Amino acid sequence: MEGYKKEFVDFMLDSNVLKFGDFTLKSGRKSPFFMNAGLYVTGTQLMKLGEYYAQAIHNTYGDDFDILFGPAYKGIPIGVATTIAYSKLYGKDVKYCSNRKEEKDHGDAGILLGSPIKDGDRIVVIEDVTTSGKSMEETIPIVKAQGDVTIVGLMVSLNRCERGKGEKSALDEIKDLYGFDTAAIVSMNEVVDYLVEKRYIDDELKSRIDAYYDEYGVK
């Protein structure tokens, strides 16, 4: 696993964003781990988060894109932080765009914040984590409605490596449904392997994680 991925795992733990314990997910699943990107709240945390996203996007999709689209609400600060980091790290001045939950009918009117989207734009969608793909059902039609654009891919921070609505992972389901690539800064498989190696995860927790994936993991 690349060095920046190991640093990102430590960063999630230090920021209290990735936790281990007993959690009930929105899906109703009982999970031994939970990730909440809403807990990145300081300037330093957001600066680092943007840099990790920028590295992952650069390594996965290259530089041939124009706009980072961060769906409301958590995608907005992530998108802004990543555009800043991309300029700093790679010297490419990409634009940010997000949607509003409710369309504004006065002043800066419309459904979008940030850069307008126009024909020919190449877009990377950026999110915190995807478990069911529901957010993409709302996001992709908004993006596609703006013009003849190309969605290069989706980048999330953590691939939970569990089934979405069917037998495939949520990221693979999104790829199959919409036809663009999907990726994560790090996968939960990589997280577990690294933290077992560090002895952060003990045998009891590892057995609970294994049991969870026996039930909900991607075959």
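**Ground rules**

I'm working with a predicted model, where local features need pLDDT of at least 70 and side-chain atom pairs count only at pLDDT 80 or more, while totals for chains, interfaces and linings use all residues. Residues are numbered from 1 along each chain as its sequence is written, and side-chain values use heavy atoms, with hydrogens and water left out.

**Overall look**

I looked up the elements and found seven helices and eight strands in the protein. These are DSSP runs numbered from the N terminus (helices are H or I with at least four residues, strands are E with at least two).

Next I checked the size. The C-alpha trace spans about 55 × 35 × 30 Å along the principal axes of the protein. The radius of gyration is 17 Å, which agrees with the value near 17 Å for a compact globule of 219 residues. I wrote down how that works: the radius is taken over C-alpha atoms, and the globule rule is 2.2 Å times the number of residues to the power 0.38.

Then burial: 49% of the 219 residues are buried. Buried means under 20% relative accessible area, exposed means over 50%, and partly exposed is in between (1.4 Å probe, protein chains only).

I also looked at contacts (heavy atoms within 4.5 Å). Of the contacts with a separation of 6 or more, 72% are between residues 24 or more positions apart.

**Helices α1 and α6**

At what angle do α1 and α6 pack? I get about 85° between α1 (residues 3-14) and α6 (residues 188-197), with the axes 10 Å apart. The two helices are therefore roughly perpendicular to each other. For the record, axes are lines fitted to C-alpha atoms, for helices over the stretch in contact, and angles run from 0 to 180 degrees between N-to-C directions.

On the α1 side I listed K5, K6, V9, D10, M12 and L13, and they meet E190, V191, Y194 and L195 in α6. The contact residues divide into six nonpolar, no polar and four charged.

**Salt bridges**

I counted 15 salt bridges in the structure. One needs a side-chain nitrogen of Lys or Arg within 4 Å of a carboxyl oxygen of Asp or Glu.

E190 pairs with K5, and their closest N and O atoms are 3.2 Å apart. E190 is in α6 and K5 in α1, so this pair ties together parts that are 185 residues apart in sequence. K5 is buried at 11% relative accessible area, whereas E190 is partly exposed at 23%.

I also found R160 with E162, at 2.8 Å between the closest N and O atoms. R160 is buried at 5%, and E162 is buried at 5%. D176 bridges to K168 at 2.5 Å, and K168 is partly exposed at 43%. Salt bridges that share partners join E2, K5 and E190 into one network.

**Two single residues**

Is T83 buried or exposed? I have T83 as buried, with a relative accessible area of 10%. T83 sits in helix α3 (residues 75-90) and touches L68, V94, K95 and Y96, leaving out residues up to four places away in sequence.

Last, I found G38 in the loop between β2 (30-35) and α2 (43-61). G38 is partly exposed at 39%. The C-alpha atoms of G38 and V17 are 7.8 Å apart, and the two residues are 21 residues apart along the chain.

Methods: Angles under 35 degrees count as roughly parallel, over 145 as roughly antiparallel, 65 to 115 as roughly perpendicular and the rest as oblique. Ala, Val, Leu, Ile, Met, Phe, Trp, Tyr, Cys and Pro count as nonpolar, Asp, Glu, Lys and Arg as charged, and the others, Gly among them, as polar.
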